[in-house]
Amino acid sequence: MLVTRRAFTTALSLTGLAVLAGLSPLRLIAEAMAASADDVTRPQSLPDMALGPADAKVAIVEYGAPTCPHCAKFNKDVFPKIKSAYIDTGKIRYVFRNFPLNIKDLACEMLARNIAIDDAAKYFAVVDIMFRQQDQLVEKTGDTLKLIGRQAGLSVQAVEDCLKDQAMQDKIAAVQKYAEDVLKVDGTPTFFVNGQVIVGETSFEEFDQRIKSLLKT
């Protein structure tokens, strides 16, 4: 299953964030072309948030969105297994890139980046919290983001200022545009395993099989 993004534009104002309605999941059957590994791992307008060694033989890049229910399910059921088996053991590098489906996802990325600065582990921890609080994020976006910010030591004013950062919005938009134009990403979750694309919800077993095959080569 895949949640698609067709008409979202980051030029939307963040004013009234808390009252915006969430997008309903859409199902899509799509054929996606594999990208070159170099295209996938090419430096973006924002530094990649990654776990695992930079010189790992296998690199997984996930395009996900905090309001995507399929991404949340993956984060809960599959990612911890990948982390335990391959990231924590130093066998792979794992990158998460936010692919906003709506203005709420944009706001989540802005806050996560603001909290983490350049600490990838902290960034992944914040994203995990967002996935776990997905229902609250969709229903009461502004209040939930302020709560997450407060738990991270930010004042309400600091969170509000963060969500008005136009330069950050532009960088997130550039990352998404590259994903759409070059990698042909059209929805979440989308994964690239050394350039090989996996679209939609996927089991740990499939990732396990692909990773083991690549580690042997």
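**Note on the core, a helix pair and the cysteines**

1. Of the 62 residues in the largest nonpolar core, those that touch the most other members are Ile 82, Ile 92, Tyr 94, Met 130 and Phe 207; such a core is a set of buried Ala, Val, Leu, Ile, Met, Phe, Trp, Tyr and Cys residues joined through side-chain atoms within 4.5 Å. Buried here means under 20% relative accessible area, with exposed over 50% and partly exposed in between, for a 1.4 Å probe and protein chains only. Helix 4 (residues 103-116) gives the most to this core, contributing 8 residues.

2. This is a predicted model, in which local features need pLDDT of at least 70 and side-chain atom pairs count only at pLDDT 80 or more, while totals for chains, interfaces and linings use all residues. Residues are numbered from 1 along each chain as its sequence is written, and side-chain values use heavy atoms, with hydrogens and water left out.

3. The chain has 10 helices and 7 strands, taken as DSSP runs numbered from the N terminus (helices H or I, at least four residues; strands E, at least two). Of its 217 residues, 49% count as buried. Among contacts (heavy atoms within 4.5 Å) with a separation of 6 or more, 81% are between residues 24 or more positions apart.

4. Ile 92, one of the core residues named above, touches Leu 51, Gly 52, Pro 53, Ala 56, Val 58, Ile 60, Ile 82, Tyr 86, Ile 87 and Ile 211, when residues up to four places away in sequence are not counted.

5. The axes of helix 2 (residues 69-77) and helix 3 (residues 79-87) come within 4 Å and cross at roughly 40°, which makes helix 2 oblique to helix 3. Axes are lines fitted to C-alpha atoms, for helices over the stretch in contact, and angles run from 0 to 180 degrees between N-to-C directions; those under 35 degrees count as roughly parallel, over 145 as roughly antiparallel, 65 to 115 as roughly perpendicular and the rest as oblique.

6. Asn 75 lies in helix 2 and is buried, with a relative accessible area of 10%. Leaving out residues up to four places away in sequence, Asn 75 touches Pro 80, Asp 128 and Phe 131.

7. Which cysteine sulfur is closest to that of Cys 68? The closest is in Cys 71, at 3.1 Å, which is too far for a bond, since a disulfide is a pair of cysteine sulfur atoms within 2.5 Å. By this rule the count comes to 0 disulfides. Cys 68 is buried at 0% relative accessibility, and Cys 162 is buried with a relative accessible area of 6%.
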